[in-house]
Amino acid sequence: FILLGLTLPEPDGTIDCFFPLIDEGACTRCGNCASTCRFHALFQVEDKLPVLIEPLCKSCELCMRICPEGAISERKELIGEHFSMEVNPSLDLEVGRLIPGSAKTTMVIISLVERLLTKHVAGGEYDYIIIDSAPGAHCDVEHALSETDMVFCVTEPTPLGRHDLGRILELLSFIGKPAKIIVNRFDMVEDDSFMDEYCGKNGVEIVSKIPLSRDVMETYARGTPIVGQAGQLGADHPVIREFANISEVLRE
């Protein structure tokens, strides 16, 4: 929403997160919860009460479900907010924002994806839903991609870009998602053919190569994406032309 020059409206929903609440009187110190938690979010020493390490907790609720004494109940904590806004008659934007101080980014993403599926997919309101993910191949990215039909991987022609592309392609292969590649700032190097070779070797198609352009930086700094400047810069502007090409690939 920042790059679109928008201001968030009032939130229209909250995001709550599960944390285990242990009843000291009911807990027998059996250790089932601590030994079962694969994230090591519950720590127990001998016959002491299990201790929760909140940053490690993934809110899966398994500890509560397997406790033989029913000594673990749910403690909900507000971790984020939902925002909905209309950018223009053909584009709506859904935003999930993490409350400062919370580390539960994954839960915000899961909640936002579920909201999209419930509110939009089930209602058939839109032809396309585009989910903007964080870079990398960590849990947040995996959850963001969980319900997608196609993934556009944006990379750049550098050794680091190629390395990170390899990581996301490995993840996509594991979760069974098809991918297409967009090479950003392809002309920042004299020869980007190594990216063509790498993608060809991995069986993925490069559908767009976006050139380095000062116009992109200037329009984004003004809060106006370059595609909205076609009237001033011309539809034949190399970056605008590439975005139009990406749009055509998306519609296919």
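This is a predicted model: local features need pLDDT of at least 70, side-chain atom pairs count only at pLDDT 80 or more; totals for chains, interfaces and linings use all residues.
**Entry 1: getting started**

A polar contact is a pair of N or O atoms within 3.5 Å; within protein, one atom must be able to donate a hydrogen and the other to accept it, and residues adjacent in sequence count only if both atoms are side-chain atoms. I wrote that down before looking between domain 1 and domain 2, where I found two residue pairs in polar contact, both at pLDDT 80 or more.

Residues are numbered from 1 along each chain as its sequence is written, and side-chain values use heavy atoms, with hydrogens and water left out.

**Entry 2: the two domains**

I looked up how the protein is divided: domain 1 covers 19-79 and domain 2 covers 80-250, with bounds that come from an automatic or database domain assignment. The contact (heavy atoms within 4.5 Å) takes seven residues from domain 1 and eight residues from domain 2. The C-alpha centres of the two domains lie 37 Å apart.

Next came the area buried between them, meaning the accessible area (1.4 Å probe) that two parts lose on being put together, summed over both. I noted about 640 Å², of which carbon and sulfur atoms give 60%. Which residues of domain 1 lose the most area to domain 2? They are Lys58, Leu78 and Ile79, and together they make up 74% of what that side buries.

I also sorted the residues on the side of domain 1 that touches domain 2: four are nonpolar, one is polar and two are charged. For that sorting, Ala, Val, Leu, Ile, Met, Phe, Trp, Tyr, Cys and Pro count as nonpolar, Asp, Glu, Lys and Arg as charged, and the others, Gly among them, as polar.

**Entry 3: a stop at Leu78**

I found Leu78 in strand β4, residues 72-88. Strands (E, at least two residues) and helices (H or I, at least four) are DSSP runs, numbered from the N terminus.

Leaving out residues up to four places away in sequence, Leu78 touches Thr14, Ile15, Asp16 and Ile99. Thr14 is 64 residues from Leu78 along the chain, and their C-alpha atoms are separated by 7.1 Å.

**Entry 4: salt bridges**

Side chains of opposite charge can pair when their charged atoms come close. My search of the whole structure finds twelve salt bridges, each a side-chain nitrogen of Lys or Arg within 4 Å of a carboxyl oxygen of Asp or Glu. Between domain 1 and domain 2 the count is zero.

I picked out a few. Arg75 and Glu54 meet through their side chains at 2.7 Å, N to O. Arg75 sits in strand β4 and Glu54 in the loop between β3 (51-52) and α2 (62-66), 21 residues apart. Arg75 is partly exposed at 25% relative accessibility, and Glu54 is partly exposed at 31%.

Glu205 forms a salt bridge with Lys180, with the closest N and O atoms 3.3 Å apart. Glu205 lies in strand β8 and Lys180 in strand β7 (residues 179-184), so this pair ties together parts that are 25 residues apart in sequence.

Asp192 forms a salt bridge with Lys209, and here the closest N and O atoms are 2.9 Å apart. I placed Asp192 in the loop between β7 and α6 (193-201) and Lys209 in strand β8, 17 residues apart. Asp192 is buried at 12% relative accessible area, whereas Lys209 counts as partly exposed at 21%.

I also found Asp12, Glu94 and Arg115 linked in a network of salt bridges.

Most residues other than glycine have a negative phi. Where did I find Ser59? Ser59 is in the loop between β3 and α2, and its phi is positive, near 60°. Ser59 is buried, with a relative accessible area of 10%. Glu61 lies in the loop between β3 and α2 and has a positive phi of about 70°.

**Entry 5: Ser213**

My last stop was Ser213, in the loop between β8 (205-210) and α7 (214-221). Ser213 is buried at 13% relative accessible area. Not counting residues up to four places away in sequence, Ser213 touches His237 and Val239.

Conventions. Buried means under 20% relative accessible area, exposed over 50%, partly exposed in between (1.4 Å probe, protein chains only).
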